[in-house]
Amino acid sequence: MSAVVWFDDVKAGDELPVLHKGPLTTAHLMRWSSAMENWHKIHYDLPFATGHDKLPGLLVNGSFKQQFIVQLLKDWVGASGWVWKVNFQFRAMNIVGESLEVWGRVTNVRRTKDYGLVDLELGIRNAEGKESTPGTAVVALPYKDGPALPYPFVPPQE
């Protein structure tokens, strides 16, 4: 079990621990495609992807990359925090064989009555440093001397 991340200990500029994924294989994509019932051939049929669609290889599913981002945030906030908002864009392709780094950086911290809100910049980059999935998120963290976050989470009145 991971240690509690307290709002009081977080500041702008802090880096989240990087989540490493890969190298991603055809088996990874096929399993994810099966679980999501996404049968588009660009995720498992190399001749179709490269020949018919003229892609550089089998594409990593967007929903798979989305799951990586949420995993990074969930792992960081732990059982005491709450992932509130996540926003991202698919700006570049990732293909089979790539290793990916999912990263996050604190851009701002805000206090509310019962807990703190942390604004994050995040993304996914490959081994060459090419960013494919830039985004932002807002997570809620408890104060050291405050109550536990409400469950279900009740967003602050903004």
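Here are some notes on the predicted model above, point by point.

1. Ground rules. This is a predicted model, so local features need pLDDT of at least 70 and side-chain atom pairs count only at pLDDT 80 or more, while totals for chains, interfaces and linings use all residues. Numbering runs from 1 along each chain as its sequence is written, and side-chain values use heavy atoms, with hydrogens and water left out.

2. Overall layout. The chain has 3 helices and 5 strands (DSSP runs numbered from the N terminus: H or I of at least four residues for helices, E of at least two for strands). Read along the sequence, the order is β-α-α-α-β-β-β-β. The C-alpha trace spans about 60 × 30 × 30 Å along its principal axes. Of the 158 residues, 39% count as buried (under 20% relative accessible area; exposed is over 50% and partly exposed is in between, with a 1.4 Å probe and protein chains only). Contacts here mean heavy atoms within 4.5 Å; among those between residues at least 6 apart in sequence, 68% join residues at least 24 apart.

3. H1 against H3. The two axes come within 10 Å and cross at roughly 95 degrees (lines fitted to C-alpha atoms, for helices over the stretch in contact, with angles from 0 to 180 degrees between N-to-C directions). That makes H1 and H3 roughly perpendicular (65 to 115 degrees; under 35 is roughly parallel, over 145 roughly antiparallel and the rest oblique). On the H1 side, His 28, Leu 29, Trp 32 and Met 36 meet Ser 63, Phe 64 and Gln 67 of H3.

4. Aromatics. There are 8 aromatic pairs (rings of Phe, Tyr and Trp, the last by its six-membered ring, with centres within 6.5 Å; planes under 30 degrees apart are stacked, over 60 edge-to-face and the rest tilted). Trp 32 and Phe 64 are stacked, because their ring centres are 4.7 Å apart and their planes sit at 20 degrees. With Trp 32 in helix H1 and Phe 64 in helix H3, the pair ties together parts that are 32 residues apart in sequence. Trp 32 is buried at 17%, and Phe 64 is buried at 9%. Elsewhere, Trp 82, Trp 84, Tyr 115, Tyr 151 and Phe 153 form one cluster.

5. Asn 61 is worth a look. This residue is in the loop between H2 (46-52) and H3 (62-77), yet its relative accessibility is 0%, so it counts as buried. Its side chain makes a 3.1 Å polar contact with that of Ser 33 (N or O atoms within 3.5 Å, one able to donate a hydrogen and the other to accept it within protein; residues adjacent in sequence count only if both atoms are side-chain atoms). Beyond its neighbours within four places in sequence, Asn 61 touches Leu 29, Trp 32, Ser 33, Asn 38 and His 43.

6. Backbone spots to check. Most residues other than glycine have a negative phi, and most peptide bonds are trans. Gly 22 and Pro 23 are joined by a cis bond with omega about 10 degrees, and Pro 23 is in the loop between S1 and H1. Tyr 151 to Pro 152 is also cis, with omega near 0 degrees; Pro 152 lies in the segment after strand S5 (135-141). Glu 37, in the loop between H1 and H2, has a positive phi near 55 degrees and is exposed at 65%. Lys 54, in the loop between H2 and H3, has a positive phi of about 55 degrees and is exposed at 67%.
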